[in-house]
Amino acid sequence: MTTHLVDEARAGEVTLRGVSRVYGKNYAVRDLDLHVEAGEFISLLGPSGCGKTTTLRMIGGFEYPDTGSISIAAKPVEALPPYKRPVNTVFQAYALFPHLSVAQNVAYGLRYQKTPKNEVRERVSEALQMVRMGSFAERMPAQLSGGQQQRIALARALVNRPAVLLLDEPMSALDRKLREEMQIELKLLQQQLGTTFVFVTHDQEEAMTMSDRIAVMNQGRLEQIGPPDAVYDAPTSAYVAGFIGQQNFFTGELSGGPGAWSVTIPGGTVVSTREPAGSPVVGGVTEVAVRPEHVTVSATPTGGPNEVRSTLMSVSQLGSALQIVTITPEGLKIMARSPRGIDLPMTPGVDVYCSWPSDAVHIFPTTTATESE
Amino acid sequence: MTAVATAPPRARRRFTGSVGLLALPIAAWLVFFFIVPFGLILWYSFGEKPSLYVTHSNDVLSLARYVEALDPAFLTTFWRTTQIAIVGTALCLLIGFPIAYWMAVKLSPRARGIVLALVLVPYWTNFLVRTIGWQITLSPEGFLSDFLNGIGVLNGPLQVLYTQQAVQLGVVYNYLPLMILPLYVALERMDHRLLEASRDLGGNWWSSFWRVTIPLALPGIMSGLLLVFVPLMGDYITPSVLGGASGSMVGQMVAGQFQRAQNWALGSAMAICLMLAILLVVILFGVLFKLIGVALARFRHLGDLDRAGAIS
């Protein structure tokens with residue numbers, strides 16, 4: 001909270017080393033290493049119960065790690081209470097003080113920084129204008145809509161000029177349209193302020209839209225961390241591949257070698273020029289993932305490497321594209337995403353050919369992959 | 001907005017009518033069990049006790065009973081009653097708040113039910129029985145006296161029974177649940193994440209307590225104070241059992257006039273004085289709380305921020 005005199009460049013750095021948090025016998029967070037650069041917008045992404053909120057609460061000081069260390073601005077903080085950490089939080093349900101006006105809510109933290117009265121007024125006004133709520137200063141929280149409350153919660157946190165802002169699924173209560181607007185606004189705000197943002201979400205689109213880097217978590221562990229495109233294009237596990245975006249998964253036996261791998265699936269073979277993730281065992285069972293947007297559907301065979309004859313099941317409009325679902329004679333469902341206006345008979349039941357380039361095929365060791373959506 | 005404005009006025013009138021009808025039982029209850037008895041007491045208080053065997057008469061109306069009521073003995077007892085009531089209410093708040101806070105914030109929801117029952121069961125027990133329980137406990141020959149003598153804290157019998165202190169103890173015990181319940185309800189309803197938010201914004205426990213918990217519990221504190229103070233002022237069972245001569249309260253004097261002296265006129269005048277005093281204190285409470293509210297707003301350091309309109 002208090003403005004710490006630290007090396008400016010490292011003020012917004014957050015480092016977690018070997019952090020674990022145990023509830024009873026279950027690890028909420030297990031052996032987590034995470035380094036957040038100053039000024040970075042990082043998302044902790046995962047399904048509920050993956051430990052992302054617990055991680056955030058440990059950075060904020062509302063929970064203490066059982067093992068491991070947490071440092072903010074290169075200073076250890078794991079033993080400090082929340083009010084002694086240079087971070088502020090935007091809570092999931094905003095947690096605005098119902099007995100205080102909007103201005104008083106925003107000014108709440110400044111009192112502890114012993115800010116002079118005139119400056120308090122200025123900074124509150126500035127913060128409210130920043131979130132475009134300048135004319136709402138005198139309202140009470142109960143008189144605001146969900147989106148407005150969220151802006152106030154943001155202003156209340158940012159007015160303290162924290163080194164790191166923690167956001168706990170702040171968009172989950174907003175409707176889609178508003179959420180998309182807020183995502184862009186929040187990202188612009190972060191770039192303008194240069195504050196480190198640690199953002200918790202279960203919504204992969206939200207994470208993709210805003211983040212500099214995404215940390216995908218699963219069962220208390222960090223699965224993969226990287227920029228959105230890297231996580232999307234080069235997932236290191238079937239879990240990440242399935243959680244971010246959509247995938248067609250097939251299971252089969254691995255054969256071949258570097259540069260020309262192939263997996264035998266019911267009714268055919270999938271070939272890949274990409275190196276399999278993990279340590280591939282020739283002859284072992286692996287999982288193959290292909291994104292729907294890489295699948296081309298055509299009425300006649302094209303003679304490409306990965307081509308499967310299948311039956312059209314359904315075609316649905318996504319607005320900008322078409323989502324096509326087909327099924328092979330062996331019962332494998334294949335989902336494809338095609339631009340509108342492709343030359344294809346749209347009646348369910350007709351035979352079509354699905355194909356995809358061999359550099360779009362990812363091979364993973366078998367795990368229980370969780371598909372999103 | 002327009003939907004409300006154009007709603008058929010007929011339907012609305014009929015609705016209001018039926019609501020009025022629903023209020024009839026409570027209105028009748030109030031008339032027969034509050035307004036009529038109160039009117040009678042007020043009426044009797046202007047009368048007199050004409051002879052030994054007649055309780056009251058309103059043939060001659062005067063304020064003489066009030067003059068009679070406000071004699072030094074009554075005022076002494078009255079002052080003692082007010083003292084016991086104010087100290088008792090304050091003690092109930094001081095003891096009740098931590099208990100209510102512990103129940104609402106610290107306990108698991110399952111344990112809350114059990115503790116709530118532990119608070120309520122003594123309250124459901126007959127008022128007289130629990131007070132007599134204290135009489136037994138506090139008596140000079142009682143087990144507490146023996147125990148304190150045994151461990152050497154006391155030398156000689158316990159001299160607490162039939163004093164003002166015994167009454168003070170008795171009323172705190174008797175009225176504590178009435179303080180705990182509204183406080184518990186107010187604290188339980190409070191969103192506990194608000195305390196996290198306060199800590200996040202720089203407040204330690206103590207500061208968050210004053211800036212968040214107390215303001216949000218204020219309605220509960222108010223109802224608790226009233227629920228304890230008002231019946232406590234009129235209590236006469238507790239001082240009858242525990243007070244003796246040095247710990248008597250106004251309620252006993254009123255009861256004495258009605259039951260023993262058979263002077264309903266004087267008893268009524270005393271009762272009216274008591275009610276006026278309670279009303280006065282309740283009004284003072286109200287003013288005090290307004291002032292506390294203003295002080296808290298100051299404490300929030302930004303009381304004038306909104307009014308100044310500097311932010312736009």
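Visitor: Is A:Ala73 buried or exposed?
Guide: In this predicted model, A:Ala73 is buried, with a relative accessible area of 9%. Buried means under 20% relative accessible area, exposed over 50%, and partly exposed in between, with a 1.4 Å probe and protein chains only.

Visitor: Where does A:Ala73 sit in chain A?
Guide: A:Ala73 belongs to the loop that runs between β4 (67-72) and β5 (75-76) of chain A. Strands (E, at least two residues) and helices (H or I, at least four) are DSSP runs, numbered from the N terminus.

Visitor: What is its phi?
Guide: The phi of A:Ala73 is positive, about 55 degrees, although the residue is not a glycine. Most residues other than glycine have a negative phi.

Visitor: And what about the phi of A:Lys114?
Guide: A:Lys114 is not a glycine either, and has a positive phi of about 55 degrees. A:Lys114 lies in the loop between α2 (102-107) and α3 (117-130) of chain A.

Visitor: Buried or exposed, that A:Lys114?
Guide: A:Lys114 is exposed, at a relative accessible area of 71%.

Visitor: New topic. Which domains does chain A have?
Guide: The assignment for chain A gives domain 1 (1-233) and domain 2 (246-365). Such bounds come from an automatic or database domain assignment.

Visitor: How far apart are the C-alpha centres of those two?
Guide: The C-alpha centres of domain 1 and domain 2 of chain A are 40 Å apart.

Visitor: What are the ground rules for numbers and values?
Guide: Residues are numbered from 1 along each chain as its sequence is written, and chains are lettered from A in the order in which they are written. Local features need pLDDT of at least 70, and side-chain values use heavy atoms, without hydrogens and water.

How values were computed: Predicted model: local features only at pLDDT ≥ 70, side-chain atom pairs only at ≥ 80, totals over all residues.
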